[in-house]
Amino acid sequence: MDTDTNASSATNAADFSAATVVTDPVDPAGGAETPPRPGFRLVRSRSDRMLGGVCGGVAAQLGIDPALLRIGLVALTILGAGAGAVLYVAAWVLAPEED
């Protein structure tokens with residue numbers, strides 16, 4: 001009877017310690033941290049613009065057609081009681097032009 005109890009508690013302890021292992025972001029080969037992944041950057045386009053370049057810049061960052069983004073923004077404006085227009089104006093004011 002004691003053997004079964006000890007075996008099950010040893011298994012539970014091993015499961016717990018394996019589950020709580022935290023990996024370190026240090027590269028084992030070089031010892032340096034892995035470089036961060038390039039993220040999304042909100043910019044306005046200088047070349048693909050109809051009004052302020054917001055849709056062109058966002059579409060370039062996402063890798064999609066700007067026309068699809070413009071259609072979606074118009075739909076959001078109509079169906080969302082003007083929310084699309086508010087988001088567009090906010091992005092126009094806050095986003096810098098691309099380099």
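**Figure 1. Leucine 94 in helix α4.** Leucine 94 sits in helix α4, residues 83-94, of a predicted model. Helices are DSSP runs of H or I with at least four residues, strands are E runs of at least two, and both are numbered from the N terminus. Leucine 94 counts as exposed because its relative accessibility is 67% (exposed is over 50%, buried under 20%, partly exposed in between; 1.4 Å probe, protein chains only).

**Figure 2. Arginine 44, buried in a loop.** Arginine 44 lies between α1 (2-19) and α2 (54-62). Arginine 44 is buried but has no salt bridge (a Lys or Arg side-chain nitrogen within 4 Å of an Asp or Glu carboxyl oxygen). Glutamate 97 is the nearest side chain of opposite charge, 4.0 Å away. A polar atom of the arginine 44 side chain lies 3.0 Å from the backbone oxygen of alanine 95. Beyond neighbours within four places in sequence, arginine 44 has contacts including Arg49, Gly57, Trp92 and Glu98 (heavy atoms within 4.5 Å).

**Figure 3. The whole chain.** The chain has four helices and zero strands. Of its 99 residues, 17% count as buried.

**Notes.** Residues are numbered from 1 along each chain as its sequence is written. Local features need pLDDT of at least 70, side-chain atom pairs count only at pLDDT 80 or more, and totals for chains, interfaces and linings use all residues; side-chain values use heavy atoms, leaving out hydrogens and water.

Key:
Lys and Arg count as positive and Asp and Glu as negative; His and the chain ends are not counted. A polar contact is a pair of N or O atoms within 3.5 Å; within protein, one must be able to donate a hydrogen and the other to accept it, and residues adjacent in sequence count only if both atoms are side-chain atoms.
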